[in-house]
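Hi everyone, thanks for making time.

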Amino acid sequence: MKNALVVNNLSLSVPSAKGRVTVVDDVSFDIPAGKKIGLVGESGSGKSLTAYSLMRLIKDPVQIDKGEIFLGEKEILGMSMKDFRHMRGNDISMIYQDPMSALNPIMRIGAQIIESIRLHSDLDHGQARRLAIEHLASVGIPEPDRRIDSYPFEMSGGMLQRVVIAIALSGEPKVLIADEATTALDVTTQDRVLTLIDKLAAERGLSVLLITHDLGVAAQFSDDIMVMYAGKLVEKGSVNQIFSHPVHPYTKALLDSRCDYTIDVTKPINSIAGQPPRLDNRPDGCVFSPRCEHVQPRCREGVPPLISVQDRLAACFRAEELFHVEMVK
Ligand SMILES: Nc1ncnc2c1ncn2[C@@H]1O[C@H](COP(=O)(O)OP(=O)(O)O)[C@@H](O)[C@H]1O
Ligand SMILES: [Mg+2]
């Protein structure tokens with residue numbers, strides 16, 4: 001299957017008292033055309049910086065140290081910003097956690113959608129306005145011909161996130177990144193917005209990278225899941241593989257620590273022992289080794305590569321062995 005997006009060996013660093021420290025570490029993945037990939041991991045694991053790299057929004061003091069990112073056939077990190085600006089919005093687009101950060105609070109939403117449409121097309125104002133109303137209708141805004149003249153403060157959080165989605169899709173991108181895009185919404189609204197993204201993705205053959213710290217959201221929405229820990233991708237597989245038969249000890253710990261109120265409220269929530277590594281004090285070898293209950297000396301010496309284990313990818317020296325242990329339990 002053709003890939004809409006390919007990331008090769010992406011590494012990012014930030015300054016610290018001890019010099020530059022790596023926060024995204026040799027990350028590689030691809031998103032096949034039309035697929036929805038969930039990127040999960042605790043706060044601080046490098047999810048947003050990975051996403052910003054795809055949009056070329058990395059700014060000082062964060063720095064891209066190496067890597068390639070292909071959007072379709074084109075490598076974007078090496079191209080001039082002038083050339084990339086034509087691709088942002090047209091080829092790849094992003095929606096953020098806080099819709100207000102993407103909107104101008106003192107400008108009617110219609111004017112903002114029209115501006116975005118005209119940036120990506122040569123339609124005149126009247127044509128763009130008609131298209132904006134269509135876009136608002138397609139993201140489920142009731143009475144779009146009236147709501148187009150609303151200001152952001154006149155709309156609810158869920159409706160604003162729909163407006164932002166309409167703007168993100170106005171350039172008809174092939175890849176959509178949603179970074180915690182439903183996290184700030186109540187559960188019902190979250191569900192509606194995810195269902196909407198799902199529907200639009202299917203209709204338009206979009207490839208989606210859904211970034212969330214919420215495993216339930218990732219499971220509900222994605223085809224495949226990637227698990228990130230301390231800047232490393234540690235496991236990638238189908239929703240079923242990740243949730244039913246995870247092989248990486250971090251993935252297992254993350255699933256065990258999930259607080260699932262629907263199952264058993266009397267059961268204590270397990271937390272993962274130890275702390276995530278400090279930025280300026282990354283462990284040698286496997287980044288999860290200091291917290292891992294299956295750690296062996298070799299885990300502290302070498303960095304386990306992300307390799308194929310039981311039909312998915314995992315970065316653990318003991319993945320194969322642990323898979324079999326898990327299966328006989
Ligand atoms: N502008 C910045 N300056 C310094 N450190 C940063 C900056 N942005 C992010 N970081 C650090 O990089 C790491 C990864 O951040 P981020 O990608 O935002 O994580 P996530 O989205 O998974 O929560 C974190 O440890 C964070 O503190
Ligand atoms: Mg983030």
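Predicted model: local features only at pLDDT ≥ 70, side-chain atom pairs only at ≥ 80, totals over all residues.

What is the strand order in the open sheet of four strands? Reading across, you get E2-E1-E4-E5, and the pairing is antiparallel. Strand E2, covering 19-32, sits at one edge, and strand E5, just 74-75, sits at the other, each of them pairing on one side only. E5 has two bridges to strand E4, residues 63-71, and that pair is antiparallel.

Next, the ligand. Ligand 1 has 13 residues around it, and Val-14, Val-23, Lys-47, Ser-48 and Leu-49 are the closest. Which helix gives the most to that shell? That's helix H1, residues 47-54, which puts in three residues. By type, the shell splits into six nonpolar residues, six polar ones and one charged.

Pro-61 belongs to the loop between H1 and E4.

Asn-9 has one, about 50 degrees, and Asn-9 is part of strand E1, residues 3-16. Is Asn-9 buried or exposed? It counts as exposed, because there are 12 C-beta neighbours inside 10 Å, and the cut-off for exposed is 12 or fewer. Glu-143 also has a positive phi, about 45 degrees, and isn't a glycine either. You'll find Glu-143 in the loop between helix H5 (125-138) and helix H6 (144-147). With 11 other C-beta atoms within 10 Å, Glu-143 is exposed too.

On to the hairpin. Strands E9 (residues 224-229) and E10 pair antiparallel over six bridges. They form a hairpin with two residues between them, and Ala-230 in the turn has a positive phi of about 45 degrees. Within that pairing, Val-227 has Glu-235 in E10 as its bridge partner. E10 itself, residues 232-238, is mostly covered, with six of its seven residues buried. E10 also has two bridges to strand E12, residues 312-314, again antiparallel. There, Glu-235 stands opposite Ala-314.

That takes us to the core. How many residues are in the largest nonpolar core? There are 86, and Ala-178, Val-227, Val-234 and Ala-314 have the most contacts inside it. Helix H7, residues 157-169, gives the most to this core, with nine residues. Val-227 is worth a click: leaving out residues up to four places away in sequence, Val-227 touches several residues, including Val-40, Ile-242, His-248 and Leu-254.

Last stop, Ala-184. This residue is in the loop between strand E7 (175-179) and helix H8 (187-204). Ala-184 is partly exposed, with 16 other C-beta atoms within 10 Å. Apart from residues up to four places away in sequence, Ala-184 touches Gln-97, Asp-98 and Gly-157. Cys-316 is 132 residues from Ala-184 in sequence and 34 Å away in space, C-alpha to C-alpha.

That's my tour, so over to you.

Note on methods:
Residues numbered from 1 in each chain as written. Chains lettered and ligands numbered in written order. Pairing = 2+ DSSP bridges. Core = buried A, V, L, I, M, F, W, Y, C linked by C-beta atoms within 7 Å. Buried ≥ 20, exposed ≤ 12 C-beta atoms within 10 Å, placed from the backbone. Contact = placed C-beta atoms within 7 Å. Near = placed C-beta within 6 Å. Nonpolar A, V, L, I, M, F, W, Y, C, P; charged D, E, K, R; others polar.
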